[in-house]
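The entries are in the order in which I took them.

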Amino acid sequence: ISSSNLEEVAVHLNSILREIIDADSHLNLYLKPNLSQNERNRIDGLRTELEELEASGCDERITKNLNYSLEEVESHHYLATAFISARVIDHVIQLIKKEEKLGDENLNEEIIKRFKEIGVIKKEDEYAMETKKFFLDASKSSRDAISHKIDYFPNASESFSLLSYAFRISNLLIKYEKLKNETTNNK
């Protein structure tokens, strides 16, 4: 290499890089479990949603955790998926709690109430009821996954459910932050 010119070195390095990428692709075929078509479709859909979250300016810490959670579910590491997803859910809840200066008592109900006041969800429609139910389910599921149940070992369905909750709650956070900023700027 010391007697080669810069172009030759670049060609050699690119060749080595291609070999490493090929080796990585082949190893991943053997190391990652086979995913069903349904699992593959769900993961692909969530990857697209992750790109949308990143494009919308979602906190990088959230998108990084969501990406790790996707990698874990791809490898059938369901407990890790649940923990990481629950961490995202809890983080978002704590962010809103801090921003709205809420106490611990009826926290989830208070967050839903603020969402309605700000316009994140409509006050009285089916979507609002569905969002409220999902938010409460996400909060309870994340608490179970994080600390409340030592015997919690999620299966694929439960892991995908928590992962979906983490994505939905992240989308609510984006909407909340946008509407909160608009409200602040209009004052």
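**Ground rules.** I am working with a predicted model, in which local features need pLDDT of at least 70, side-chain atom pairs count only at pLDDT 80 or more, and totals for chains, interfaces and linings use all residues. I number residues from 1 along each chain as its sequence is written, and side-chain values use heavy atoms, with hydrogens and water left out.

**Whole chain.** I looked up the secondary structure and found seven helices and zero strands. Helices (H or I, at least four residues) and strands (E, at least two) are DSSP runs, numbered from the N terminus. The order from the N terminus is α-α-α-α-α-α-α.

I then looked up burial. Buried means under 20% relative accessible area, exposed over 50%, and partly exposed in between (1.4 Å probe, protein chains only). Of the 187 residues, 34% count as buried. The protein exposes about 12,000 Å², and carbon and sulfur atoms supply 51% of that area. The areas come from the Shrake-Rupley method with a 1.4 Å probe; for residues, only the protein chains shown count as cover.

For contacts I took heavy atoms within 4.5 Å. Among contacts between residues at least 6 apart in sequence, 68% join residues at least 24 apart.

**Helix α3.** I checked its length against the expected span, which is 1.5 Å times one less than the number of residues. α3 has 15 residues and reaches 21 Å from its first C-alpha to its last, close to the 21 Å expected. Its buried residues are Ile62, Thr63, Asn65, Leu66, Ser69, Leu70, Val73 and Glu74. What do they pack against? The buried residues of α3 pack against α2, α4 and α7. After α3 comes His76, whose phi is positive, near 65°.

**Ile62.** I picked this residue from α3 (residues 60-74). Leaving aside neighbours within four places in sequence, Ile62 is in contact with Val88, His91, Val92, Ser170 and Leu173.

**Salt bridges.** I counted a side-chain nitrogen of Lys or Arg within 4 Å of a carboxyl oxygen of Asp or Glu. The search of the whole structure finds eight.

- Glu74 and Arg40 meet at 3.2 Å, N to O. Glu74 lies in α3 and Arg40 in α2 (residues 37-55), so this pair ties together parts 34 residues apart in sequence. Glu74 is buried at 9% relative accessibility, whereas Arg40 is partly exposed at 26%.
- Arg40 and Glu74 also belong to a network of salt bridges with Asp44 and Arg47.
- Glu100 and Lys180 meet at 2.9 Å, N to O. Glu100 lies in α4 (residues 78-100) and Lys180 in α7, so the pair ties together parts 80 residues apart in sequence. Glu100 is buried, with a relative accessible area of 11%, and Lys180 is partly exposed, with 22%.
- Asp59 pairs with Arg61, the closest N and O atoms being 2.6 Å apart. Asp59 is partly exposed at 24% relative accessibility.

**Helix α7.** The 30 residues of α7 should span 44 Å, and the end C-alpha atoms are 43 Å apart, which agrees. Asn155 caps the N-terminal end of α7, with a side-chain oxygen 3.1 Å from the backbone nitrogen of Ser157. I treat this as a polar contact (a pair of N or O atoms within 3.5 Å; within protein, one must be able to donate a hydrogen and the other to accept it, and residues adjacent in sequence count only if both atoms are side-chain atoms).

**Aromatic pair.** Rings of Phe, Tyr and Trp (its six-membered ring) pair if their centres lie within 6.5 Å; planes under 30 degrees apart count as stacked, over 60 as edge-to-face and the rest as tilted. By this rule I get one aromatic pair. The ring centres of Phe115 and Tyr176 are 5.9 Å apart and the planes are at 50°, so the pair is tilted. Phe115 is in α5 (residues 107-118) and Tyr176 in α7 (residues 156-185), 61 residues apart, and the pair links distant parts of the chain. Both Phe115 and Tyr176 are buried.

**Asn108.** Last, I looked up a residue in α5. Asn108 counts as buried at 14% relative accessibility. Not counting residues up to four places away in sequence, Asn108 touches Ile93, Phe135, Leu136, Ser139 and Arg143.
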